[in-house]
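Please read them alongside the sequence and the coordinates.

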Amino acid sequence: MEPTANAMPSATLGQYKGLPITRRVRPVTEKSVEQELRRLARAHAPFAPVEQPAARGMRVTLDFEGFLSGEPIPDSKMENVTVLLGTGELMPAAEQAVYGHKAGESFRFDFTYPAEFRVPELSGQTAQFQITLHRVEQQQAPAVDDALAKELGFDSLEALQADIRARKRAIHEANADRLAGAALLDMAGANLTVALPGAVLDQNAERDMQQLQRKLDRSKFTLELYCQVNGTTPDQLRANFRRDAERRMRSVLAARAIAEAEHITVSNEEADAEYARLSKLHGTPEAEIRQVLTREAIASAVTTQKVQRFLIDHADITSVVEGE
């Protein structure tokens, strides 16, 4: 394992400002803009009533109620519920029963509850469900036009296209910054004067070898065959893992040293903002994120981000848009 923050070896900074780097930005192609337009059009295409039988991908509005021995099952009744078939909004048995029926039809189907259902009195019982279909709708052909743009809050299709380009460009710029910042931090780490603990580097290399071996075991792939396919040997793999461990350790040490030299700190507000960002990004309650990631870990991650931004701002950068 890598040393803890308190056990990190002391390091002396070498050059970290004015480092030369080419920052590469992916272009925003018209093809990618058109693909996003079509995706938006499909997502916002209107549904219209049809006389055809219900099928996967259609939207239905229905009444639904379950009965056991002729008596209504408590809390089973739903009225005028609209669901999109094929998305799991209905229990599978109900969805299968709906397929093939048209608007205005009423029908029943039987369903046997599992032997150990969460409601004990229903366990193993066979119930009858009544469904009435009020409406069957099919999504219309998506149109990429001014009407779509206006539905999405834009004055015209051209304005929507411009917004898509701007958002994609911002994503590409941010990714270019991320890659450039990581590369600059690696360069600053390589310029450190530091005596790294060889035993720890060996432990990290061995850990990575074991992880690779477990991955290969799961895929029924031998290490020997993996090395043959990749034109390497186990010893070369271990040496590469050791170099990766050294690079990571040097980057960690460089981030700490630069933050100290440039007085880069992380406020409680910035740490809280990062918790909120991660919660939104992963769709996970913030409280759960806080249980997994300590404030110290969050502060360290944000510090590294700020150091990378500092290095970019003080680098000898050449920015190029790939393909231009």
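1. The buried residues of helix H5 pack against helix H6 (223-230) and H7. The model is a predicted one, and the remarks here should be read accordingly. The residues of H5 that are buried are Val-200, Leu-201, Asn-204, Ala-205, Asp-208, Met-209, Leu-212 and Leu-216.

2. Helix H5 covers residues 198-218, 21 residues in total. From its first C-alpha to its last it reaches 31 Å, which is close to the 30 Å expected at 1.5 Å a residue. After H5 comes Lys-220, with a positive phi near 60°.

3. Leaving aside residues up to four places away in sequence, Leu-237 touches Met-209, Leu-212, Leu-223, Tyr-226, Cys-227 and Thr-232. By contrast, Thr-87 lies 150 residues from Leu-237 along the chain, and the C-alpha atoms of the two are separated by 45 Å.

4. Helix H7 (residues 234-261) also meets helix H4 (residues 157-190): their axes come within 8 Å and cross at roughly 90°. H4 is therefore roughly perpendicular to H7, as angles of 65 to 115 degrees are classed that way. On the H4 side, the residues involved are Leu-185, Asp-186, Ala-188, Gly-189 and Ala-190. They meet Arg-247, Arg-250, Ser-251, Ala-254, Ala-255 and Ile-258 in H7. Sorted by class, this contact of H4 with H7 has six nonpolar, two polar and three charged residues.

5. Which angle do helix H8 and helix H10 make where they pack? For H8 (residues 268-282) and H10 (residues 295-313) the angle is about 95°, and the axes are 9 Å apart. H8 is therefore roughly perpendicular to H10.

6. The contact between H8 and H10 draws on Asn-268, Glu-270, Ala-271, Asp-272, Glu-274, Tyr-275, Arg-277 and Leu-278 of H8. From H10, the contributing residues are Arg-295, Ile-298, Val-302, Gln-305 and Lys-306. The residues of this contact of H8 with H10 divide into five nonpolar, two polar and six charged.

Key. Residues are numbered from 1 along each chain as its sequence is written. This is a predicted model: local features need pLDDT of at least 70, side-chain atom pairs count only at pLDDT 80 or more; totals for chains, interfaces and linings use all residues. Side-chain values use heavy atoms; hydrogens and water are left out. Axes are lines fitted to C-alpha atoms, for helices over the stretch in contact, and angles run from 0 to 180 degrees between N-to-C directions. Helices (H or I, at least four residues) and strands (E, at least two) are DSSP runs, numbered from the N terminus. Angles under 35 degrees count as roughly parallel, over 145 as roughly antiparallel, 65 to 115 as roughly perpendicular and the rest as oblique. Contact means heavy atoms within 4.5 Å. Ala, Val, Leu, Ile, Met, Phe, Trp, Tyr, Cys and Pro count as nonpolar, Asp, Glu, Lys and Arg as charged, and the others, Gly among them, as polar. The expected span of a helix is 1.5 Å times one less than its number of residues. Buried means under 20% relative accessible area, exposed over 50%, partly exposed in between (1.4 Å probe, protein chains only).
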